[in-house]
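Dear colleague,

Please read them alongside the model.

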Amino acid sequence: MLEDKNPELTPISKYGEFGLIKHLTEKFSFENSSTEISIGDDAAVINPEGQKVVLTTDILAEGVHFNLGYVPLKHLGYKAVVVNLSDIAAMNATPTQILISLAISNRFPVEALEEIYAGIALACKHYKVDLVGGDTTSSTSGLVMSITAIGLENSENIVRRNTAKENDLLVVTGDLGGAYAGLQILEREHSVYLANPNMQPEMEGYDYILERQLKPEARTDIKKTLKDLDVLPTSMIDVSDGLSSEILHLSDQSKVGFRLYEEKIPIDSLTISTAEELNLNPVMCALSGGEDYELLFTISPNDFEKIKNHPDFTIIGHAVDIEQGNYLVARGSNELVALNAQGWDAFLNK
């Protein structure tokens, strides 16, 4: 922890609640015309200018969602923003504002919070969103972060989970399983460190998957890509809890089944080699790992030609009648394997 290295760190009590918020947010600037009133009043004012307002919120709790033994505070601030913007992107909306609330134990000095807010500021700048409010309070159980994200979009462009149709194609962005593989490396090296603090962590060569875990990116770029291709998804969700769980969410909401083809699932070569090194099945990393924050969506078969060779997209399956259920079509044998929701669940994964 930071306080172990510097005896002159600043206690939060020096600022008090309102002084702390002012200190942490005074360098934030605003980029959206829809932001009318932000930090400093009792509430923010957003002017949607005729668009629909899209809202989402997420909680990150120390010991449940992150381990400060290996997660840098700046990365944590960045990731906390990204996981919420990913939900806005999954609605095919444009993120515009965020609010941040922190519950902090007294073991964190002001400098630690400055690191978190540096990551938040970096994400705000990168994604062109405005920090417009939030809250801080004390905690007796470590660090808890709650972020609310706001997005705007015209009604006709918003995409939901419940509008997929039979015969629609199932498409995913990027590659899957990398964040889970990265987490396994971090957990392994942290365990080695705890057993022997003199041992140096072996992180070399794992850069891509470590970044997928520690500094993921929200696919806010996909909205423009799809618009340029003249494709509007028939349903969409972000891959936060594992591919299998997300497919089952689309199935439940849209009342269709799905066929997912194992050989089509995009998995990076480093994810595959790391999984094999750790005696894990790379496909299971993609199906159940989570935290990839890619977008999973369905499109009309009529749009197949528009995206079939696009480097951002992989067609991995299709929708069927709900009575046919949800199955993985195994590589080579065409054996049907039932999809199960074995991804992340905060109340089960403890």
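**Aromatic pairs**

A search of the whole structure finds three aromatic pairs, where rings of Phe, Tyr and Trp (its six-membered ring) pair if their centres lie within 6.5 Å, and planes under 30 degrees apart count as stacked, over 60 as edge-to-face and the rest as tilted. This is a predicted model, in which local features need pLDDT of at least 70 and side-chain atom pairs count only at pLDDT 80 or more, while totals for chains, interfaces and linings use all residues. Residues are numbered from 1 along each chain as its sequence is written, and side-chain values use heavy atoms, with hydrogens and water left out.

One of the pairs joins Tyr78 and Tyr127, which are tilted at 50° between the planes and lie 6.5 Å centre to centre. Tyr78 belongs to helix 2 (residues 73-89) and Tyr127 to helix 3 (residues 110-127), so this pair ties together parts that are 49 residues apart in sequence; helices here are DSSP runs of H or I with at least four residues, strands are runs of E with at least two, and both are numbered from the N terminus. Tyr78 is buried, with a relative accessible area of 3%, and Tyr127 is buried at 9%, where buried means under 20% relative accessible area, exposed over 50% and partly exposed in between (1.4 Å probe, protein chains only).

Another pair is formed by Phe297 and Phe313, whose ring centres are 5.6 Å apart with the planes at 90°, so the pair is edge-to-face. Phe297 lies in strand 10 (residues 294-299) and Phe313 in strand 11 (residues 313-321), so the pair ties together parts that are 16 residues apart in sequence.

With kind regards
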